[in-house]
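Morning, everyone. I have one structure to walk you through today. Please bring it up on your screens.

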Amino acid sequence: MQNFEFSLHEQGEEILMYFRGHFATNIPWILGVILFSLLPLGIWPFLRALGLPSDIVILSLSLWYLFAFGVGLGFFSHWFFNIYILTNKRIIDIDYDGFLFHKISSAPLTEVQDISHDVHGPIELLLDFGDVYIQTASESVGEFDFKHVPNPEMVHRKISEAVDKVKK
Amino acid sequence: MIFQIVGPFANLLIDFDWRLEEVFLIKIALFSFTLLYFFFAAISFRHVLILNKMVRARGVGFVKILAFLNLAGALLLLISSLGILI
């Protein structure tokens with residue numbers, strides 16, 4: 001697949017598709033970061049009334065905005081690096097949980113037992129995203145949860161097709 | 001009701017005389033927080049670099065630049081906070 005490379009790919013392995021959560025799942029944290037950034041404007045008169053030295057106020061505000069940026073970056077990275085990859089041999093799940101932890105799980109397509117997907121709630125129905133669950137026979141991995149993926153029906157179908165192709 | 005409770009405390013803060021010791025304590029607190037933030041930004045940048053090696057997808061370079069800007073900003077503020085501390 002163009003525009004995508006994965007360093008742990010095996011010989012003869014071809015990436016069929018990769019996907020991550022729907023972009024709409026970013027909206028809550030974007031709004032949170034905007035609100036967090038607006039907070040100093042609300043308490044600005046109070047800050048001025050405190051009569052703190054200006055260098056401290058400027059540094060505190062800079063730190064506040066840098067912190068907001070860092071939190072936003074953390075959330076964005078969480079969305080960006082949570083990638084699900086379907087190859088002609090395996091299913092790979094990259095879990096990026098915070099900036100201190102990541103986990104990569106994979107299971108051969110031959111071990112996939114059943115696949116299901118669900119779409120719940122008005123926003124998921126409206127924007128067409130949902131969760132895809134893949135039960136595998138692998139003891140270490142168990143079940144893959146592909147959360148909030150766009151077009152879950154298509155993802156379900158593509159995985160089923162890849163599994164059928166391998167098992168034939 | 002809430003202003004009756006919070007009001008005296010707010011007035012206490014406003015009327016507070018920020019003497020040298022208190023300002024110094026605030027500066028130390030700011031420096032400590034900036035130092036802590038710098039370490040987290042450095043770890044975050046390193047983590048993004050590791051993932052960047054592992055996954056090469058469209059936009060990975062952009063995330064790397066953002067993580068670098070975060071680290072550079074943290075370093076700048078660390079130097080500034082050290083500057084106002086001494």
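Let me begin with a term. A helix axis here is a line fitted to the C-alpha atoms over the stretch in contact, and angles run from 0 to 180 degrees between N-to-C directions. Keep that in mind for a minute. One caution as well: this is a predicted model.

Now to the helices. Two packed helices are described by the angle between their axes and the distance between the axes. Take helix 1 of chain A, residues 27-42, and helix 3 of chain A. They pack at an angle of about 180°. Their axes are 10 Å apart. What does that angle make them? Angles over 145 degrees count as roughly antiparallel. Helix 1 and helix 3 of chain A are therefore roughly antiparallel to each other.

Who makes the contact? From helix 1 of chain A, the residues include Trp29(A), Val33(A) and Phe36(A). From helix 3 of chain A, they include Leu61(A), Trp64(A), Phe75(A) and Phe76(A). And how do the residues of this contact divide into nonpolar, polar and charged? There are 13 nonpolar, two polar and no charged.

Stay at helix 1 of chain A for a moment. Ile27(A) lies in that helix. Ile27(A) counts as partly exposed because its relative accessibility is 44%. Gln135(A) is 108 residues from Ile27(A) along the chain. The C-alpha atoms of the two are separated by 30 Å.

Next, the sheet. Four strands of chain A form an open sheet, in the order 2-3-4-5. The pairing is antiparallel. Which strands sit at the edges? Strand 2 of chain A, residues 15-19, and strand 5 of chain A, residues 102-108. Each of these pairs on one side only. From one strand to the next, the twist averages 15°.

Zoom in on one pair. Strand 2 of chain A meets strand 3 of chain A, residues 83-87, in the antiparallel sense. Four bridges join them.

Now some backbone detail. Most residues other than glycine have a negative phi. Here are two with a positive value. His148(A) has phi near 55°, and Asn151(A) has phi of about 50°. Where do they sit? His148(A) is in strand 8 of chain A, residues 143-150. Asn151(A) is in the loop between strand 8 and helix 5 of chain A. With a relative accessibility of 29%, His148(A) counts as partly exposed. Asn151(A), at 29%, counts as partly exposed too.

Last stop, chain B. How many helices and strands does chain B have? Three helices and one strand. From the N terminus, the order is α-α-β-α. Chain B has 86 residues, and 35% of them count as buried. Now its contacts with a separation of 6 or more: residues 24 or more positions apart account for 69% of those. Finally, the surface. Chain B exposes about 5600 Å². Carbon and sulfur atoms supply 77% of that.

Terms used. Residues numbered from 1 in each chain as written. Chains lettered and ligands numbered in written order. Predicted model: local features only at pLDDT ≥ 70, side-chain atom pairs only at ≥ 80, totals over all residues. Heavy atoms only, no water. Buried < 20%, exposed > 50% of the residue type's maximum accessible area, 1.4 Å probe, protein only. Contact = heavy atoms within 4.5 Å. Areas by Shrake-Rupley, 256 points an atom, 1.4 Å probe, with all protein chains shown as cover. Pairing = 2+ DSSP bridges. Parallel < 35°, antiparallel > 145°, perpendicular 65-115°, else oblique. Nonpolar A, V, L, I, M, F, W, Y, C, P; charged D, E, K, R; others polar.
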